Amino acid sequence: MLFRSVFIDAVFDLLKLVTRRGYIPIIVSNQQGVGKGLMTRQQLDDLTVFFQDELRRRCGVAFADVLYCTELESAQSLRRKPAPGMLFEAAAAADIVLAESWMIGDSISDVQAGRAAGTRTILVGDYANVFEADLIVPDVASAVPLLEKFLLFQS
């Protein structure tokens with residue numbers, strides 16, 4: 001399968017920062033395209049291998065794990081965000097303390113899942129009237145220095 005890579009450069013900085021500070025970077029993502037038949041699970045897995053390899057090549061680190069909920073929204077899976085199931089699963093597998101963790105995402109369902117799991121949250125995007133997130137930033141690049149300041153105070 002051929003992939004065209006488009007990466008947000010600030011993701012490299014964010015990934016390096018959280019790894020350097022001792023956090024375990026994990027992706028939890030709803031991917032109902034599999035459930036809808038728009039792609040196969042194998043295609044999704046191939047894409048994951050591709051982007052993980054690219055991250056290692058470009059910044060020297062990758063995500064420790066990548067969890068997907070491929071079920072349709074109508075299945076009402078406890079793993080599908082805004083439910084916190086994937087976060088609980090990731091925490092159990094990697095021995096993560098959720099109260100000391102951050103959920104960073106670009107949708108309100110990411111924040112809701114993080115809140116339900118007991119993490120702190122950063123919402124990325126144009127969300128002027130959202131009050132559920134701990135922090136709201138316009139883009140990933142803005143999240144990096146802000147998160148770095150918070151992580152320094154937690155050492």
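Predicted model: local features only at pLDDT ≥ 70, side-chain atom pairs only at ≥ 80, totals over all residues.
User: Lys81 and Asp110: which are they, buried or exposed?

Analyst: Both of them are buried, a label for under 20% relative accessible area, with exposed starting over 50% and partly exposed in between (1.4 Å probe, protein chains only).

User: What makes Lys81 and Asp110 a salt bridge?

Analyst: Their closest N and O atoms are 2.5 Å apart. The rule asks for a side-chain nitrogen of Lys or Arg within 4 Å of a carboxyl oxygen of Asp or Glu, so the pair qualifies. Lys81 is in the loop between S2 and H3, while Asp110 belongs to helix H4 (residues 108-117), so the bridge ties together parts 29 residues apart in sequence.

User: Why is Arg79 called partly exposed?

Analyst: Arg79 has a relative accessible area of 26%, so partly exposed is the label. Its salt-bridge partner is Glu89, with the closest N and O atoms 2.8 Å apart. Arg79 sits in the loop between strand S2 (65-69) and helix H3 (85-94) and Glu89 in helix H3, so this pair ties parts 10 residues apart in sequence. Glu89 also counts as partly exposed, at 34%.

User: What does Arg115 pair with in a salt bridge?

Analyst: With Asp134, at 3.3 Å between the closest N and O atoms. Arg115 is in helix H4 and Asp134 in the loop between strand S4 (120-124) and strand S5 (135-137), 19 residues apart, a link between distant parts of the chain. Skipping residues up to four places away in sequence, Arg115 touches Thr121, Glu132, Ala133 and Asp134, where contact means heavy atoms within 4.5 Å.

User: How many salt bridges does the structure hold?

Analyst: There are 8. Glu54, Arg57 and Arg58 are linked in a network of them.

User: How do you know that Arg80 has no salt bridge?

Analyst: The nearest side chain of opposite charge is Glu73, 4.4 Å away; Lys and Arg count as positive, Asp and Glu as negative, with His and the chain ends not counted.

User: Why are H1 and H2 called roughly perpendicular?

Analyst: H1 (residues 9-20) and H2 (residues 41-59) pack at about 80 degrees, with their axes 11 Å apart. The scale puts under 35 degrees as roughly parallel, over 145 as roughly antiparallel, 65 to 115 as roughly perpendicular and the rest as oblique, so H1 and H2 are roughly perpendicular to each other.

User: Which residues meet there, in H1 and in H2?

Analyst: From H1 come Phe12, Leu15 and Lys16, and from H2 come Leu55, Arg58 and Cys59. By class, the contact has 4 nonpolar, no polar and 2 charged residues.

Conventions. Residues numbered from 1 in each chain as written. Heavy atoms only, no water. Axes fitted to C-alpha atoms, helices over the stretch in contact; angles between N-to-C directions. Helix = DSSP H or I, 4+ residues; strand = E, 2+ residues; numbered from the N terminus. Nonpolar A, V, L, I, M, F, W, Y, C, P; charged D, E, K, R; others polar.
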